Amino acid sequence: MSPEVNPFESLQEQIDDASDYLEYSTDVLERLKHPERVLETNLSVEMDDGSVEVFRAYRSQFNGDRGPYKGGIRYHPQVTRDEVKALSGWMVYKCAAVNIPYGGGKGGIEIDPRQYSASEIERITRSFAKELRPIIGEDQDIPAPDVNTGQREMNWIKDTYETLENTTEPGVITGKAPESGGSAGRVEATGRSVMLTAREAFDYLGKDMADATVAVQGYGNAGSVAAKLIEDLGANIVAVSDSSGAVYNPDGLDARDAKAFKSETGSLAGYEGATEELTNEELLTMDVDLLVPAALENAIDGDLAKDVQADIVVEAANGPLTPNADDVLTDRDVAVFPDILANAGGVTVSYFEWVQNRQRFYWSEERVNSELETIITNAFDDLVETYEQTGAPNFRTAMYVVAIQRVVAAAEEGGIWP
């Protein structure tokens, strides 16, 4: 990972790359490179021992031209203002890429949640929810889970908001447990869209998914779900990793068994289905047909990209490649299918959840998965059509062309408020 690479600058560079294939004025494009507003707050929270700790927290609302701000909340010690700004921008173009009616937002707390009890995490979450209360709402800004958050935290935010507002508004947040208004299929949605993108990519490039070798960096929700669903297509998952390192078996790992081991022990280290343990860097540079980076941003920089041997990269994480890595892989003809398409399943099923909350009518998991497949495959078709028509150098640039066109069209139709 290259923490010295500023993710917000990476986002802006990606927009600049796409602008070469768009006929918009500089002022129009410049507006698309900065958030509309950023909340920065300090949360003072009482710990179990009676002491008080202060946590820095953020919420960036990047662009609302296409609908309410939408995006997750992450708990991680490396959360920064620029990271949250970048993530909120990627959400704008992700929603536009798959053509769902949202803008982009993102939030986070600078915290290592492993160091705190469940009751402390609840108080921290509710404190943040209180600060978010004036700027969120089902027609305003709709948070969701992200790194180190899930149904539990979303339920707490929903409850805090509804209690303070004296209302029932399940659509204020998505990624909730089904009993609290969550959608069937939401937990697996991000990994499912990674699988769908990989499937379509192999088909488009004339490659066979059966017996393809796959390495997955990051074995949280998105990575583990993607691994098992790609495995179901006949591919061979040969290596997976988490923060403890990577495990490898040239004959293939059992994706579900590896996840069960990690859930039971808290780590992939010592997994008996592996024949060898590797570093994350060794995993990222393995000679495989498909590489799925599913951890944090900047996992692959320009130097590491020179050693990447995968034929296809499908991004499950947000921003796992730096712009320099993109340039290197483009020059080496490695096909990279971008995060704003590949991991858009989470926000897409969050959209479905929001629709169900608004209607108070809930769908079956079969319908959710079917609707998700339609949206991702249609977006993939839009991507390859634009890639072929514009002569864009890579699939990321082509996807940004599609997304930016949609955001600009919405902005122009709305006009400039005096």
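**Where the domains meet**

So, between domain 1 and domain 2 we count 2 residue pairs in polar contact, both at pLDDT 80 or more. A polar contact here is a pair of N or O atoms within 3.5 Å; within protein, one must be able to donate a hydrogen and the other to accept it, and residues adjacent in sequence count only if both atoms are side-chain atoms.

Before I go on, the housekeeping. This is a predicted model, where local features need pLDDT of at least 70 and side-chain atom pairs count only at pLDDT 80 or more, while totals for chains, interfaces and linings use all residues. Residues are numbered from 1 along each chain as its sequence is written, and side-chain values use heavy atoms, with hydrogens and water left out.

Domain 1 covers 35–170 and domain 2 covers 188–341; those bounds come from an automatic or database domain assignment. Their centres, taken over C-alpha atoms, are 28 Å apart. On contacts (heavy atoms within 4.5 Å), 13 residues of domain 1 touch 7 residues of domain 2. The buried area is about 800 Å², with carbon and sulfur atoms giving 58%; that's the accessible area (1.4 Å probe) the two parts lose on being put together, summed over both.

Which side chains make the salt bridge? Arg74 and Glu297 do, at 3.4 Å, N to O. The rule wants a side-chain nitrogen of Lys or Arg within 4 Å of a carboxyl oxygen of Asp or Glu, and across this interface it finds 1.

**Elsewhere in the fold**

The structure as a whole holds 35 salt bridges. One of them joins Lys106 and Asp146 at 2.8 Å, N to O. Lys106 sits in strand β4 (104–110) and Asp146 in the loop between β5 and α5, 40 residues apart. Strands (E, at least two residues) and helices (H or I, at least four) are DSSP runs, numbered from the N terminus.
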